[in-house]
Amino acid sequence: LSNKNNNNNLSYNNNNNNNNPIINFSNEKSLKFLYTNATSLNSSKLDELKLYCLNDIDIIGITETWFTDKSSTVIDNYNLYNKNRNGIGGGVAIYVSNKLTSIEINDTILNDSSIEQIWCKIIFKNETILVGCLYRPPLIDSDYTNKLLNSIRTASNLYQKKLVNSLVIMGDMNFRNINWTDDGPIYKNNA
């Protein structure tokens, strides 16, 4: 998570009672982000997600939505950006409060349909925030991983070139042999 404007402090709140961190931009009015891996966002999980929305969550990233053409996906007062997997499982989604101006990104790399990703741009207090939600299934080939990394590089380049003010990437990368620490990733050898 990055922010080029030093006047906007970022805070990361992880409530130990659940695994859903909320990221706040410390301003008069903060943006609240929520990420979860739903492993099927069925109607009961969607109802639970709607309860989170009562806490003024602005942006929600979800992996493994498992949406189909028959899925109920509507959350009142939120715009939905999503990409469903062709077949069973997977899928990614970003819900954005309709209080915010948002549009889906139409970049060739950020819209590569061969990987599970969705990107949108959000305008908040005259700042542009690029938000992505990505999913890398376990036991996937290196070509998929390289395409996913290429998308992350593309988003990072947009930020580095100051075409967006902030970049938020949410998702499940399923790198099971990496222990993610504050000091950086540590590879664990299972042999």
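Started with burial: 41% of the chain's 191 residues count as buried (under 20% relative accessible area, 1.4 Å probe, protein chains only). This is a predicted model, so I kept in mind that local features need pLDDT of at least 70 and side-chain atom pairs pLDDT 80 or more, while totals for chains, interfaces and linings use all residues. Residues are numbered from 1 along each chain as its sequence is written, and side-chain values use heavy atoms, without hydrogens and water.

Next I looked up the surface. The chain's accessible surface comes to about 11,000 Å², and 45% of that belongs to carbon and sulfur atoms (Shrake-Rupley, 1.4 Å probe).

Then the secondary structure: I find two helices and 13 strands (DSSP runs, H or I of at least four residues for helices, E of at least two for strands, numbered from the N terminus). Of the contacts between residues at least 6 apart in sequence, 56% join residues at least 24 apart (contact: heavy atoms within 4.5 Å).

Which residues of H1 are buried? In this helix, residues 43–53, they are Leu46, Leu49 and Cys53. They sit on the same side of H1, because they cover an arc of only 55° around the axis (taken from the directions from the helix axis to the C-beta atoms). An α-helix has 3.6 residues a turn, so residues three or four places apart point the same way. I also checked what covers them: strands E4 (32–37), E5 (59–63), E6 (78–83) and E7 (92–97) are included.

Conventions: Buried means under 20% relative accessible area, exposed over 50%, partly exposed in between (1.4 Å probe, protein chains only).
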